[in-house]
Amino acid sequence: MTVDASGLESERHQLERSGTAERVAAILRQYVTDGVFAPGERLSEPVISSALGVSRNTLRESFQLLAHERLAVHELNRGVFVRELTTEDIADLYVVRRATECGALRRAAELSTVDLSGVEQALRDGRLAAAAENWPAVGTASIHFHQALADLAGSERLSATMRQVLAETRLFFVLNENTREFYEPFLRCHEEILRDLRRGRFDVAEAALDRYLREAEARLLELSATRTGRAE
């Protein structure tokens, strides 16, 4: 199956000042992060280059960047595809997520002021999506929530690392069936974390975040094992 790139035309304005491969890769990475491009879908060169108005060479360079970030894979004589991840990938990514996100909260606790507006907006988006029973949108809001947590550290390098890690994390969401059962407990955890951050209880928020990430990892590993068993 080939990805639906129809929405990419609206992203052309981002390339007006710079049509570099890095900017193209950033747009495609965001499409992976938001679940528009799903694991196993083919990234068609002619479709995407036409939609974004960039050359094939620029697009190929962006594909190389995504492959370096483990978001895409080139298959000989078939093309470039959004990567499908393994059980080992899940475990390893959650090691990185705990270190990065919990570390971001420890750093935020050292700052004189912390802007929680991004965290608050992501939670609002999640609540609205849940009220509409739009569970894929709840998943997207969750990704934005965790990016906002990482951004609290005020470090561009840490934020950039988190963007890549969360794009990979989104590839796991194909394991679930976009249900209330999967997302609602995590939405409640988001509310708990934000409540503690507002009170300045960063250590308590960090502990809640650590529990959240361990529970999410366990759930995804369970879903991965079930999926693998069905495939066999």
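Arg-70 is found in the loop between helix H3 (56–68) and strand E1 (72–75); helices (H or I, at least four residues) and strands (E, at least two) are DSSP runs, numbered from the N terminus. This is a predicted model, in which local features need pLDDT of at least 70 and side-chain atom pairs count only at pLDDT 80 or more, while totals for chains, interfaces and linings use all residues. Residues are numbered from 1 along each chain as its sequence is written, and side-chain values use heavy atoms, with hydrogens and water left out.

**Exercise 1.** Determine into which domains the protein chain is divided, and describe the contact between domain 1 and domain 2.

*Solution.* 
1. The chain comprises domain 1 (5–82) and domain 2 (87–229), with bounds from an automatic or database domain assignment.
2. Their centres, taken over C-alpha atoms, are separated by 25 Å.
3. In domain 1, 11 residues are in contact with 10 residues of domain 2, where contact means heavy atoms within 4.5 Å.
4. About 940 Å² is buried between the two domains, 63% of it on carbon and sulfur atoms; buried area is the accessible area (1.4 Å probe) that two parts lose on being put together, summed over both.

**Exercise 2.** Identify the residues that form the salt bridge between domain 1 and domain 2.

*Solution.* 
1. The count between the domains is 1 salt bridge, defined as a side-chain nitrogen of Lys or Arg within 4 Å of a carboxyl oxygen of Asp or Glu.
2. Arg-70 pairs with Glu-168, and the closest N and O atoms are 3.6 Å apart.
3. On the side of domain 1 that touches domain 2, helix H1 (residues 21–33) supplies the largest share, 4 residues.

**Exercise 3.** Compare the phi values and exposure of Arg-70 and Asn-77.

*Solution.* 
1. Most residues other than glycine have a negative phi.
2. Arg-70 has a positive phi near 65°, and Asn-77 has a positive phi of about 65°.
3. Asn-77 lies in the loop between E1 and strand E2 (79–82).
4. Arg-70 is partly exposed, with a relative accessible area of 41%, whereas Asn-77 is exposed, at 77%; buried means under 20% relative accessible area, exposed over 50%, and partly exposed in between (1.4 Å probe, protein chains only).

**Exercise 4.** State whether Glu-101 is buried or exposed, and list its contacts beyond its neighbours within four places in sequence.

*Solution.* 
1. Glu-101 belongs to helix H4 (residues 87–110).
2. Glu-101 counts as buried because its relative accessibility is 0%.
3. With neighbours within four places in sequence left aside, Glu-101 contacts His-146, Leu-149, Met-162, Leu-209 and Leu-213.
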